[in-house]
Amino acid sequence: MPAALRGDVDRSHSNAQTAQHALSQFLASVELKAFRIAQTALRHEEDALDAVQDAMLQLARAYADRPAAEWKPLFYRILENRIRDVQRRRSVRNRVMSWLPFHSDAEDADDPLATVQSPELPVPQRIELDETMVALQNALKALPHRQQQVFLLRALEGMDVAQTARAMGCSQGSVKTHYFRALRALRAQLGDLT
Amino acid sequence: MNEAEYPAAFERRLGALLERDAGATSGQVRSRLTQARYAALAEASQSSGMWRRSLAARRFWMPATGALVAAVVLVMVLSTPRHAAPAPSFQTSAGALTAEDVSLLSDRDGLALVEDGDGQFYEWAAAQAQLTPKAGAEAGESNENGG
C-alpha cells in the first residue's frame with residue numbers, strides 16, 4: 001500500500017481512537033439513567049439490563065461515526081424501541097399463556113412478570129430510600145408509557161424538548177403535552193414535595 | 001397549557017429524587033452495565049477497523065479496477081467486426097421463412113390445392129402416375145384429338 005494511503009489510515013486510526021474514547025464517556029454518562037428509565041418502563045431488572053445493553057450495542061454498531069451531539073437522542077430512541085419490543089413480546093406472551101389450557105395461577109406466582117405490579121421494589125437499596133422516593137416510583141409507574149418516558153427523559157436525563165422529541169419519535173408539541181400531563185399527575189399524587 | 005403554573009421547584013425536587021434513585025443502583029447492576037459498555041465499545045472498534053480497512057482497500061483498488069474495466073471495454077469495442085446490415089427476413093413463430101416458402105405462399109393456385117385438404121388431388125395424381133406410360137400417352141393423344 002502506498003505511503004500516502006498509510007498516512008490516511010494512521011490519521012483515521014487516531015480519529016477512531018478519539019471517537020472511541022468519546023463514545024466510552026458518553027455511554028458511562030447515560031448507562032445508570034438509561035437503566036432506571038428502562039426499569040421504570042419494564043418493571044423488571046433483567047429486561048431493563050438487556051434493553052440498555054442492546055441499545056448500547058446498536059448505537060456503537062450503527063451510529064458511532066455520527067457526531068457526539070447526536071448520540072443521546074439516538075441512544076434513547078433505540079432504547080425506547082427496545083422497551084416497546086419487550087412490552088409487545090410480553091403482551092403476546094401473556095395472551096398466549098391465558099389461552100393455554102394448562103395455564104394456572106400457580107405458574108403466575110412463579111413468573112417474575114406476574115409480580116411486576118407489586119408496589120414493593122426488588123432492589124435492596126430501595127429499602128434505604130425514604131417514603132417519598134417510593135411514592136414517586138409508584139406514581140411514575142402509574143403514568144401512561146409516553147408520559148412516563150417523556151418525563152424521565154426531561155427530568156432525569158435533562159434533555160430539552162427538541163432532543164426528547166427526537167428520542168421519542170414525536171413532535172415537540174406532543175412532548176410538551178406529555179410532560180405537562182405527567183407533571184400534573186405527579187403533583188396530584190405527590191403534592192408539592194415540600 | 002402553561003408549564004409555568006407548575007413551580008420549577010417541584011420539577012427540581014423530582015429531578016433530585018430521580019438522580020438519587022439512579023445513584024442508589026446496586027453494584028451488581030453497575031457491573032453488568034460496565035460489561036455492556038465494554039461490549040459495545042468492542043463492537044464499535046471492530047466495525048471501525050473494518051471500515052478503515054475497507055476504505056484503504058477501496059482507495060487502492062478502485063482506480064486499478066476502473067482502468068482494467070475501461071481497457072477491457074475498449075478492446076471489446078475495437079475487436080468487434082463491423083458487419084453489413086443483414087437482409088430482412090420474415091419471422092414467424094416457427095422460425096425464419098425460406099424463399100421456397102414465400103414462393104409457395106404467393107402461388108394462389110398451389111395454395112388452393114393445399115387448402116382443399118381432402119387429398120383428392122393427390123390421390124388423383126398418384127393414380128395417374130401408376131398408369132402405364134403407354135396408356136398415358138394414349139390418353140394424351142385422345143385428349144389432344146378430342147380436345
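Select chain B and colour it by secondary structure: in this predicted model, its elements run α-α-β-β-α-α-α-α from the N terminus on, which amounts to 6 helices and 2 strands. If you then colour chain B by burial, you will find that 7% of its 147 residues count as buried.

Now select chain A, where the pattern read along the sequence is α-α-α-α-α-α-α-α-α, with 9 helices and 0 strands. Of the 194 residues in chain A, 32% are buried. When the contacts of chain A with a separation of 6 or more are considered, 61% of them come from residues 24 or more positions apart.

Within chain A, select helix α6, residues 131-142, together with helix α9, residues 172-190, and look at how they pack: their axes lie 10 Å apart, at an angle of about 140°. Because an angle has to be over 145 degrees to count as roughly antiparallel, α6(A) and α9(A) are described as oblique to each other. The crossing of α6(A) and α9(A) is right-handed.

To see what makes this contact, show the side chains of A:A135, A:L136 and A:A139 on α6(A), and those of A:L186, A:Q189 and A:L190 on α9(A). Which classes of residue does the contact of α6(A) with α9(A) have? Colouring the selection by class shows 5 nonpolar residues and 1 polar residue in the contact of α6(A) with α9(A), and no charged ones.

Key. Residues numbered from 1 in each chain as written. Chains lettered and ligands numbered in written order. Predicted model: local features only at pLDDT ≥ 70, side-chain atom pairs only at ≥ 80, totals over all residues. Helix = DSSP H or I, 4+ residues; strand = E, 2+ residues; numbered from the N terminus. Buried ≥ 20, exposed ≤ 12 C-beta atoms within 10 Å, placed from the backbone. Contact = placed C-beta atoms within 7 Å. Axes fitted to C-alpha atoms, helices over the stretch in contact; angles between N-to-C directions. Parallel < 35°, antiparallel > 145°, perpendicular 65-115°, else oblique. Left-handed = near helix turned anticlockwise from the far one by under 90°. Nonpolar A, V, L, I, M, F, W, Y, C, P; charged D, E, K, R; others polar.
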